[in-house]
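Hi,

Here is the structure I promised to pass on. Have a look, and my notes on side-chain contacts follow below.

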Amino acid sequence: MDTPSIESITSPRGAAPSPAPVPAPRTAPARIALVGVHGFGAHHLHNLHRLSAQGAVELVAVADPNPPSAGALPGTTAVHATLDDLLAGDHHPEVIIVATPIQTHAPLALSVLASHSHLYLEKPPVASMTDFRRLKEAATAAGRSVQIGFQSLGSHALGALEQLANGEATKELPGIGTLKGISATGRWVRDRAYYKRSRWAGKRSLDGVDVVDGVATNPLAHAIATALRIAGARQAEDLASVDTDLYRANDIEADDTSVIRMKTVNGLPITCALTLCATESVEPYVTLHGTEGTAVFHYTEDRVTVRTEAAETTHVFGRDDLTENLLQHLSQGTALLSPLDHSGAFMRVLEAIRTAAAPAVIPPEFLTWVGSGDQAHAVIPRIEDILERATLSHATFSELGLPWARPAAAGSEALFAPAADSEGAGDGDPKEEAPTAIFRSGSGLNTALSPRPYLHPVTTRGGIVVTDHLASDHVWHLGAGFALQDVNGSNFWGGRSYRRSAGKYVDLNDHGRIEVAAITQGPEHSTADLHWLAADGGLLLEERRSFRRSLITPRTWRLDITTELTAVVDASLGSPGSHGAAGSGYGGFFWRLPANASPRVFSSTAEGEPAVHGSVTPWLAWTGEFDGGPATLVFGAPSESPDPWFVRCSGYPAVGSALAWDSAVELAAGEALTRSIAVWISDGILGTPDIEDLVSAR
């Protein structure tokens, strides 16, 4: 929930040592005070009314510069304007709840602890790691207990999810195998009025004081806190790294659309993709990705759905109220569900956001505004798919190469070096510009994607993008490149591996990587020297991958890709087909296309996916309506071998030339293998006669 809007609450600081509380059976209602009665403070008022009716608490005082409405409080409850006034009163509260703006948390919390009251502090605890350390020191010195208001941590589902994370089934839920990673997705809608509700809303700082009121630290902070808890990350030291990629569509200082990527000291990836610019609000959820299934936790509803190959199971769990839990802790010694000390990992994330560069502005041309006036809200087109791609691939928006995102910091560059003079088309027209192809090293990709170099985006001469990468249906599909699913047992393709013994795809820790040893670039010809490293790090293959660009006509250019693989050790180059998956012999050259309308795939002898898939023909063509207009790709078969075409159109758009269609290719140490592919990339729709002319001139 969003932190409430309350202004001008100040208190002196200081803390005095005090003995630790000794739990004792409660014989009278607990004396409670509440600071902040509006915003989320109203939720606390309602909850305290419930507990008061049960005889568990007595609300002795509240503090707020804007008094509550008449009749909102018991007649015996004192009303003050500030915490200072409340503490000066003769109320003796055992617990003080602080539900105020973020920037006031630190001074108010320190004053509460100095008064020797126990503290319930709304999230986020404070706005900097420095204040967090001071608060921990003050709590220790005062011997007081502090509960942080991450309400989702009271869910009974967490125990079951922690078991699933450890590879165990529960009585309610089947297991999901070995945990590979955790993600969190939040898609909410916030209008302009949301950011006008208070001076501090959407601020990174206010009057020189940190606020850090961004999507990840306030409205969807529970997504991060819940993911961290399930991962077992409680202390700041439990996280090995935190990466931030922050953006804003609204006219604010803080972020409203962001990816926060973490890795625990045990190597577990956690990626949270969050936005307040969705088409419609959806209950946020945390997903556990296992080798045998997934568990999706809708934490606002305490609902967990486990999906495995065998079945789908849903269970709704109960929840403990954090205020009641704090009272039980004080009277019975019950462990706190959200103690201050366990917010260290979350504060590590908040600190990374606080110290990051200011969020990048999403340009207006990439936004749609729905509604008018203060009720208008920004929508990022396709944001739902974008968030899914980010979480599935553990990639930032920048790494996804989105047009509104910052350029990738490293690992991507133009495939061809700029020419000294402007380049003309094949017909000599100097006004025609050279097409674009970006070479990506892939070095920062998640291990399960088999990190490797590839081309994306590749464009027509008119600027139409004809490659895709990290697509939500197969996040390991990476633009245009060359990869194999099995080399001596290591997967260089990404995703799961097909094994004959299992008769299906299985999730194995077998992913290799292809690293760039050197790259030489020219205006028309570039060469990359690559090392194929097995899952255990051993060198299996050395590759020289060459690229040549030819400008054919004002609307067509040709990209020639040649790979020469040399075995460093005796090597078996395989595919799912060579492992027994009939018709799935993909591996070798592969081109993932973006979504396109009215696709047509055909060759010189066949039409449609069923007919061309697995065929051997001199060329294969794809036409379609892409974003930006119609385009045609023509793939010329390798002259070195009659490799079958691998084609997908109905499920996803892709074309490959299969190196090991139904049997592995064996290379002795020192032996080399070469494959050359030509791709004609054209604006507009080409017919068979035009294609035949292009291919015959190769």
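Which residue forms a salt bridge with Asp207? The partner is Arg199, with the closest N and O atoms 3.1 Å apart (a salt bridge being a side-chain nitrogen of Lys or Arg within 4 Å of a carboxyl oxygen of Asp or Glu). Asp207 is exposed at 64% relative accessibility, while Arg199 is partly exposed at 48% (buried is under 20% relative accessible area, exposed over 50%, partly exposed in between, with a 1.4 Å probe and protein chains only).

Before going on: this is a predicted model, where local features need pLDDT of at least 70, side-chain atom pairs count only at pLDDT 80 or more, and totals for chains, interfaces and linings use all residues. Residues are numbered from 1 along each chain as its sequence is written, and side-chain values use heavy atoms, leaving out hydrogens and water.

In total there are 31 salt bridges. One of them joins Asp341 and Lys136 at 3.2 Å, N to O. Asp341 is partly exposed at 34%, and Lys136 is partly exposed too, at 30%. Arg234 and Glu162 also meet in a salt bridge, at 3.5 Å, N to O.

On to the rings: I get 16 aromatic pairs (Phe, Tyr and Trp rings, the six-membered one for Trp, with centres within 6.5 Å; planes under 30 degrees apart are stacked, over 60 edge-to-face, the rest tilted). Among them is Phe439 with Phe547, edge-to-face at 6.3 Å centre to centre and 75° between the planes. Phe439 is buried at 3%, and Phe547 is buried at 3%.

Cheers
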